[in-house]
Amino acid sequence: MNRQRLAVLSVALLIPLLSGVIFGLGLAVSQMINPAKVLAFLDVAGAWDPSLALVMASALLVMGIAWRLQQRRVPAGAPAGLSAQPAGSAPKAGIDTPLTTGAVIFGAGWGLVGFCPGPALAALALFRPEPLVFVAAMLAGMQLHRAWQSRDRDRDSEADPGADQLKATAPAD
Amino acid sequence: MTDFTPWSALAGGALIGLASAVLLLFSGRVAGVSSITAGLLSKQSGGNGWRLAFLGGLVIGVWVYGALGGSLDQVRIDAGWPLLVIGGLLVGFGTQLGGGCTSGHGVCGISRFSSRSIVATALFMASAGLTVFLARHAIGGGA
């Protein structure tokens with residue numbers, strides 16, 4: 001295999017695979033994969049276990065350095081979307097209702113079970129039924145959002161002329 | 001109830017940060033697990049290979065932990081099937097509406113000082129804490 005093809009392949013698949021393996025290892029080492037541990041962190045009024053605050057802190061520290069490095073160099077083979085952005089600058093979109101509502105809904109689900117998406121997927125490694133049920137429901141929830149969004153779009157694009165027509169022809173009683 | 005485990009928490013968090021850094025610096029992508037997962041469901045987004053590689057890696061990483069002698073016996077999932085289904089639906093829908101989860105907003109977003117991610121993380125943490133409080137102390141009677 002020539003060197004160029006190998007490089008392309010490694011950027012395309014091996015890097016994400018390696019990243020995923022390290023991520024999954026981190027979830028296991030930190031015990032974020034354990035819902036009981038996560039719920040003990042969220043249960044501030046109970047026997048609070050602050051461990052996960054430290055998971056967050058050290059992950060943030062490392063990623064903070066990574067964003068700094070990324071500012072200086074645009075990685076080879078990066079998707080145009082990311083490298084075209086002013087490197088390291090946060091997305092410009094403002095704080096809107098979908099963001100806040102979505103975060104509150106996500107938090108409620110997280111608090112009910114103790115799984116957020118990463119740990120739930122990683123826990124499939126345990127071959128137990130619970131993560132499988134949770135992940136299936138999570139995918140359904142994502143699909144539900146897609147369906148709801150596209151229905152909303154259809155309605156918005158058709159509603160205006162249709163509504164006007166209705167108003168014009170409807171008997172006023 | 002679980003014990004405070006500062007060293008494994010710091011080490012695990014550093015690994016999660018390292019994984020996100022590898023994906024950012026060498027693939028130019030953001031390690032947001034909910035967005036990567038949802039990308040698999042969307043038909044127009046071409047190139048699902050890297051998504052499957054990353055998500056498969058999450059599972060393999062847990063096996064690596066076991067192979068290195070790590071114990072996973074302490075994993076306890078108390079939620080019954082109705083709660084697993086409701087919780088999963090809320091997590092799936094909420095992360096799509098809010099544009100991210102603990103990894104995307106919490107780790108990758110806050111570390112680049114995104115105000116959207118800071119607000120989202122504060123809200124989902126508060127919402128999760130309130131949910132646990134209601135389930136354990138207000139309704140559940142201190143389970």
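Helix H5 of chain A (residues 97–113) packs against helix H6 of chain B (residues 115–139) in this predicted model. Helices here are DSSP runs of H or I with at least four residues, strands are runs of E with at least two, and both are numbered from the N terminus. Axes are lines fitted to C-alpha atoms, for helices over the stretch in contact, and angles run from 0 to 180 degrees between N-to-C directions. The crossing of H5(A) and H6(B) is right-handed, a term for a near helix turned clockwise from the far one by less than a right angle.

Residues of H5(A) that meet H6(B) include Leu99(A), Ala103(A), Phe106(A) and Trp110(A). On the H6(B) side, Arg116(B), Leu123(B), Phe124(B) and Thr131(B) are among the residues involved. Contact means heavy atoms within 4.5 Å. By residue type, this contact consists of 14 nonpolar, five polar and one charged. Ala, Val, Leu, Ile, Met, Phe, Trp, Tyr, Cys and Pro count as nonpolar, Asp, Glu, Lys and Arg as charged, and the others, Gly among them, as polar.

The largest nonpolar core has 67 residues, of which Phe23(A), Phe54(B) and Leu58(B) touch the most other members. Such a core is a set of buried Ala, Val, Leu, Ile, Met, Phe, Trp, Tyr and Cys residues joined through side-chain atoms within 4.5 Å. Buried means under 20% relative accessible area, with a 1.4 Å probe and protein chains only. Apart from neighbours within four places in sequence, Phe54(B) contacts residues of chain A, including Pro16(A), Leu17(A) and Phe23(A), and of chain B, including Leu23(B), Val33(B) and Ile36(B).

Zero disulfides, defined as pairs of cysteine sulfur atoms within 2.5 Å, are present over all chains. Cys116(A) is buried, with a relative accessible area of 3%, and Cys101(B) is buried at 1%.

Chain B contains six helices and zero strands. Its C-alpha atoms fill a box of roughly 50 × 40 × 30 Å along the principal axes. Of its 143 residues, 52% are buried. Among contacts in chain B between residues at least 6 apart in sequence, 29% join residues at least 24 apart.

Residues are numbered from 1 along each chain as its sequence is written, and chains are lettered from A and ligands numbered from 1 in the order in which they are written. Local features need pLDDT of at least 70, side-chain atom pairs count only at pLDDT 80 or more, and totals for chains, interfaces and linings use all residues, while side-chain values use heavy atoms, with hydrogens and water left out.

Definitions and conventions
Buried < 20%, exposed > 50% of the residue type's maximum accessible area, 1.4 Å probe, protein only.
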